[in-house]
Amino acid sequence: VRHLINTGVPVRDLVRLIAHLNDRILIRLIDLLRGERFAGLTEKSAFLVLGSEGRSEQTLTTDQDNALVYADGLEAAEVRQLEDFSTILIDSLIAIGVPSCPGGIMAKNAEWRRSLDQWRTILDQWFGTPTPEHIMKVSMFSDLRMLRGDASLELALKEHVAGRLQGNELYLSHMTANLLRFAVPLGWFGRIKSEKGGHAGQVDLKKAGIFAISEGVKILSLDHGVEVTGTAQRIEKLAARGVLEQKEADDLTASYDALVRFRLRTQVDAISHGRQPDNRITLAGLNRMEKGRLQSALEGVRSFQGSLERRYRLGQTI
């Protein structure tokens, strides 16, 4: 990525490269553990990645977000072995340098390791009480993708989530209200507003716009039964179905790609200078044209948020 970031390679391909490497590491580790220490592990389970991993949209700061589902009716000994396997798998990922999830969204934790029926039950609880925490968990789970295991379990969970959310404007309105809490940092005359305090002069690109686009596009996709998980692919499908006008879709894609490229570039710069990469970009390090591109991308995010607010009637009580 450090080499390719300035060679004109499309940002979508760079993100796909990172995601593919992440997948191969995970799959290889799973296969090694199953071959060496868990040869008798049940085939009736599936290891799932969630959130940006599920969408194949990791950058250079992505941590773990994963879960495990197993078939109903397994023997107690089989469930215990899955627990041991999940714990060693996640601990091994951490040991080789894949950061743990600060929120604990990992298959080693019992909350994220359940039978199919248990997952359906807890998902229904999250759907039934749209608290910010439950909305976040539903959002993470809506991007699930299986890396290894029984594909029928993955399909059953996807169908359950889709069945509860397609056309469910009330819950989707709550999800939209949640993303609107992340205000686009634009002030008078479109001037970019930087953070204050410990991050003075910087902008968090994820909070400023990447989250709003990926989450908003996800909400529209869930509403209209779009089954793909990547943000760019979702935008294309939504445009093809007429949910988004083509110009709106093109503008949204351009804004998203620009923000992700800025994010990757600032992460590469941090790594090159021996710093820990994050999602913040320093405005003073941008020239006039770059600031113009960033401003234009953020204006696209603000326009999209307004469109979502009108679509889900958030000026009314929900």
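This is a predicted model: local features need pLDDT of at least 70, side-chain atom pairs count only at pLDDT 80 or more; totals for chains, interfaces and linings use all residues.

User: How many aromatic pairs does a search of the whole structure find?

Analyst: Eight. Rings of Phe, Tyr and Trp (its six-membered ring) pair if their centres lie within 6.5 Å; planes under 30 degrees apart are stacked, over 60 edge-to-face, and the rest tilted.

User: Why is the pair of Phe38 and Phe85 called edge-to-face?

Analyst: The centres are 5.4 Å apart and the planes stand at 80°, against cut-offs of within 6.5 Å and over 60 degrees. So edge-to-face it is. Phe38 sits in the loop between α1 (11–36) and β1 (45–49) and Phe85 in helix α3 (residues 76–95), so the pair links distant parts of the chain, 47 residues apart. Helices here are DSSP runs (H or I, at least four residues), and strands are too (E, at least two), numbered from the N terminus.

User: And what makes Trp112 and Trp119 a tilted pair?

Analyst: Their ring centres are 5.9 Å apart with planes at 50°, so the pair is tilted. Ring pairs also link Trp112, Trp119, Trp126 and Phe141 into a cluster.

User: Are Trp112 and Trp119 buried or exposed?

Analyst: Buried means under 20% relative accessible area, exposed over 50%, partly exposed in between (1.4 Å probe, protein chains only). Trp112 has 2%, so it counts as buried, and Trp119, at 0%, is buried as well.

User: Which residue lies over the face of Trp119?

Analyst: Arg114, at 5.4 Å from the ring centre. The rule asks for NZ of Lys or CZ of Arg within 6 Å of the ring centre and within 35 degrees of the ring normal.

User: Now the pockets. Which residues lie nearest the centre of the largest pocket?

Analyst: Ser52, Arg55, Asp65, Met140 and Lys206, out of 48 lining residues. A pocket is an open set of points on a 1 Å grid over the protein atoms alone, with protein on both sides within 12 Å along at least five of seven lines; lining residues have an atom within 4 Å of a point. The largest share of the lining, seven residues, comes from α8.

Terms used. Residues are numbered from 1 along each chain as its sequence is written. Side-chain values use heavy atoms; hydrogens and water are left out. On a 1 Å grid over the protein atoms alone, a cavity is a set of points where a 1.4 Å probe fits but cannot get out, and a pocket is an open set with protein on both sides within 12 Å along at least five of seven lines; lining residues have an atom within 4 Å of a point.
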